[in-house]
Amino acid sequence: MDKYFDVKAEVRVKLTVVGFFQNLGISQGLDGIADLLFQDAFQLELVSTELNSGPPATEKQPIKAYAKRAIDQNVEDEVKYEAQFSVPADFGEIGAILVENERRREIFLKDIVLTGLPCGEVTINCDSWVASKLDNSEKRIFFTNKSYLPCQTPGGLKRLRERELQNLRGNGKGERKFFDRIYDYDTYNDLGDPDLSLKLQRPVLGGKEHPYPRRCRTGRPHSKRDPLSETRRSIDFYVPRDEEFADVKLISFGATGLGAVLHALVPTLQAIIDKNLGFPTFAAIESLFKDGIELPPFKNQKTMRKTLSGLLRDGAEATKDVLLFKKPALVDRDELAWLRNEEFARQTLAGVNPCSIKTLEEWPIKSKLDPEIYGSPESAITTEIIEQQIKGYPNFEEAIGQKKIFILDYHDVFLPYVNKVRETEGTPLYGSRTLFFLTSEGVLEPLAIELTRPPSNGKPQWKQVFTPGCDATQTWLWRMAKVHVLAHDSAHHQLISHWLRTHCCTEPYIIAANRQLSAVHPIYRLLYPHFRYTMQINALAREALINAAGIIEDTFSARKYCMELSSTVYDQTWRFDLQALPADLISRGLAVEDPAAPHGLKLTIEDYPYANDGLLLWNAIREWVSEYVNHYYPEEDLVESDEELQAWWAEIKYKGHKDKKDESWWPILNTRKNLIQIITSIIWMGSCHHAAVNFVQYTYGGYFPNRPTIARTKMPTEDPTEEEWNHFLDKPYVALLQSFPSQIQATTVMAVLDILSTHSPDEEYIGDQMEPSWAEDPPVKAAFERFNRNLKGIDETIDRRNADKNLKNRHGVGTLPYQVLKPFSKPGMTGMGVPNSISI
């Protein structure tokens with residue numbers, strides 16, 4: 001007589017704001033009535049890892065049962081369902097469960113717990129949307145938490161493993177529906193909106209003319225006016241269903257936070273503020289933090305007040321609100337910090353963009369641009385100018401030889417766009433170079449700023465060098481030159497350090513992982529936490545931030561050419577092998593290899609907070625990844641023979657970063673060492689690097705004189721009329737105020753930075769939460785626990801460094817401590833905390 005086991009499955013379905021289960025009332029419709037009558041809700045099928053003994057060896061028939069609503073409902077935000085199975089004793093180990101949603105609408109499946117098996121309780125973690133079979137007849141496949149390399153896949157799961165990947169790849173045809181889980185590639189051909197207006201037409205990014213990473217394909221129809229562009233008529237941009245924000249994130253950020261700023265607050269400000277109106281006095285800027293801006297009533301005022309509670313205060317009239325900004329930490333600690341030259345220099349090492357500064361290694365400085373188009377390539381910064389600034393140091397050549405001179409070089413990046421951008425009123429762009437000197441105190445001191453305008457409309461090239469002043473005129477000119485450099489640095493930070501290097505370049509890794517790495521692949525499970533929400537936030541960026549006439553174009557110095565500029569930088573400078581922190585530091589001349597030094601690197605600037613704290617995190621991540629990889633790949637040849645892994649890496653190169661596919665610097669994925677380096681680099685960029693350039697945006701940019709995103713007036717010395725020059729001489733502070741962003745530009749950016757700098761209540765921090773598959777594998781569990789302990793130690797080390805009075809770039813009167821790479825944080829705007837992923 002055959003023996004059977006009675007197995008019970010408990011299914012947990014999460015109540016969601018955006019899903020069908022909003023409450024137990026009428027909104028549940030027919031599905032709710034079915035639940036109350038205890039009718040079938042889901043069909044479940046247990047799948048064995050084993051095959052029938054042949055010949056031929058065939059898959060065992062799945063064991064089917066229907067799940068019904070459980071009588072016992074004791075969790076507020078969940079609904080439980082139960083199913084009973086009679087499982088033959090020789091069925092073997094459960095490897096997967098197939099789920100068919102019999103309901104009329106999708107559900108969010110939390111997990112399935114099996115009890116009654118000989119091996120004990122088995123939990124299958126799902127955390128996934130399951131579409132109604134009326135929308136998608138394909139049964140969903142959920143594997144257990146055991147990980148397998150492709151060559152280790154049990155016979156009973158091989159077909160399902162490949163079938164699930166085929167489902168995720170799709171066929172590359174048709175427009176994607178909201179319930180789809182299909183990952184595919186497309187160019188950035190949806191940033192413009194030519195059907196609405198030809199003024200909103202933008203070039204396609206991706207391809208020979210404008211190389212760029214690829215985004216997720218949506219399949220929307222193409223524009224009638226521009227067949228190369230995709231239409232933007234959809235309310236929401238498609239991302240695969242499981243890439244969307246969870247409820248907590250949706251409430252605190254996605255649909256209401258950023259959406260409210262972009263679609264309600266900004267239009268309201270535009271309606272009440274003249275777009276060209278600047279700030280008449282510094283007191284008017286200060287009033288943003290003291291008095292705020294009174295706003296007319298919003299359409300959904302109650303919702304807006306709740307959504308933007310951090311920005312809105314009650315007005316004098318009950319129906320009105322006041323937009324009141326929090327004073328950023330920088331000026332809260334020192335109101336004049338933005339004026340200090342030493343703070344200007346310090347922020348290149350410990351501010352929001354600490355990854356652009358380089359060691360000056362070539363002298364004299366010379367442009368690589370075509371002199372026939374852009375004018376003389378020689379810099380106007382001379383040895384004599386610099387030696388006047390570094391009095392007391394033997395000579396300039398010695399300073400360069402000893403790596404004491406550093407540069408922010410935005411000359412060749414911006415100069416090709418200067419004449420085009422200047423066609424837009426209020427945007428007198430330049431190319432710029434800024435030099436710094438490393439003092440004996442270990443801090444940087446600004447030496448000179450060079451601003452350049454190429455030949456234009458019969459005018460010759462214009463360039464001038466500005467230095468910190470010894471007299472009033474020189475001092476005010478220096479301050480105005482700094483506004484231009486800071487606007488360049490703000491644009492480069494937002495477009496390159498932030499958007500391109502993290503958000504944009506990571507999306508192809510995510511798409512390739514879902515298309516080529518099975519959910520049971522150990523590398524997929526290692527990377528999965530570091531991909532959370534990235535595709536959704538990128539889609540939101542395409543909707544309203546980086547699109548034509550979006551926030552970035554309206555408020556940053558490259559204007560309508562912002563994204564085209566990011567394509568140019570990607571084409572000329574982006575390399576995967578330089579995304580690793582050590583390689584990045586070495587490439588910028590900020591470090592050299594030294595086996596005797598901590599982390600194997602000797603820093604050129606010893607007190608470099610971003611590098612010092614970053615290297616602690618880089619090494620901790622590398623150690624964790626090394627243990628993980630060596631556990632699953634005990635033999636070297638397993639890496640090269642892993643067909644899923646090789647397909648993933650090949651697809652990143654040949655599809656995701658197609659325009660870079662022929663570059664020689666791509667690592668060859670044939671050793672554990674190279675795999676560890678690749679994975680560590682991807683995790684570093686998505687967690688630590690992104691945190692460093694994102695979560696102190698409001699800290700440093702919230703008071704915009706410290707980091708203006710745009711300079712609206714030309715330098716007073718560039719072809720001035722007599723009236724312009726006299727105006728500068730009589731009222732230099734007015735000239736400075738006029739160069740700052742307009743009121744609408746400044747407040748728009750401040751509101752966005754407030755949202756972007758804030759941690760969601762459901763933030764998942766690096767090394768904080770163990771994935772279920774790791775917890776069930778003892779060696780991996782132990783390795784992760786060591787990783788967690790290392791990160792807690794790093795947290796304490798950073799605190800000690802911030803208390804060290806010898807580290808002047810992170811400690812001193814009015815100086816902000818460098819906390820952004822402290823691994824953990826509470827919710828809110830804390831200026832610290834490293835989330836697992838690019839989740840905002």
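Contact here means that heavy atoms come within 4.5 Å of each other. Keep that in mind for the close-ups below, which all come from a predicted model.

**View 1**
Is S432 buried or exposed? Its relative accessibility is 0%, so S432 counts as buried. Leaving aside residues up to four places away in sequence, S432 touches L408, D409, Y410, H411, E450, L451, V485 and H488. One of these neighbours, H488, also makes a polar contact with S432: their side chains are joined at 2.8 Å.

**View 1**

Why is α8 (residues 341–350) described as largely enclosed by the rest of the structure? It's because 8 of its 10 residues are buried. Those buried residues are E343, F344, A345, R346, Q347, T348, L349 and A350. Now take α27 (residues 743–756): 14 of its 14 residues are buried, so this helix is largely enclosed as well. From first C-alpha to last, α27 reaches 20 Å, close to the 20 Å expected for its 14 residues at 1.5 Å a residue.

**View 1. Helix α26 and two helix partners.**
Helix α25 (residues 722–730) packs against α26 (residues 732–739) with the axes 5 Å apart and an angle of about 110 degrees. The pair is therefore roughly perpendicular. On the α25 side the contact uses H727, F728, L729 and D730, while α26 brings P732, V734, A735 and Q738. The other partner is α14 (residues 472–516), whose axis comes within 10 Å of that of α26 and crosses it at roughly 5 degrees. That angle is under 35 degrees, so α14 and α26 count as roughly parallel. Here W476, R479, M480 and V483 of α14 meet P732, Y733, A735, L736 and S739 of α26.

**View 2. A three-stranded sheet.**
This open sheet has 3 strands in the order β11-β13-β12, paired antiparallel. Its edge strands, β11 (293–295) and β12 (312–314), each pair on one side only. On average, neighbouring strands are turned by 40 degrees against each other, direction ignored. Between β11 and β13 (residues 321–323) there are 3 bridges, and E294 has V322 of β13 as its bridge partner.

**View 3. Strand β8, covered on both faces.**
In a regular strand, side chains alternate between the two faces of the sheet. In β8 (residues 140–143), R140 and F142 lie on one side and I141 and F143 on the other, and all of them are buried. Strand β5 (residues 94–101) pairs with β8 in the antiparallel sense over 4 bridges. Across this pairing, L98 stands opposite I141 of β8.

Terms used:
Residues are numbered from 1 along each chain as its sequence is written. This is a predicted model: local features need pLDDT of at least 70, side-chain atom pairs count only at pLDDT 80 or more; totals for chains, interfaces and linings use all residues. Side-chain values use heavy atoms; hydrogens and water are left out. Buried means under 20% relative accessible area, exposed over 50%, partly exposed in between (1.4 Å probe, protein chains only). Two strands pair if DSSP finds at least two bridges between them. The expected span of a helix is 1.5 Å times one less than its number of residues. A polar contact is a pair of N or O atoms within 3.5 Å; within protein, one must be able to donate a hydrogen and the other to accept it, and residues adjacent in sequence count only if both atoms are side-chain atoms. Axes are lines fitted to C-alpha atoms, for helices over the stretch in contact, and angles run from 0 to 180 degrees between N-to-C directions. Angles under 35 degrees count as roughly parallel, over 145 as roughly antiparallel, 65 to 115 as roughly perpendicular and the rest as oblique.
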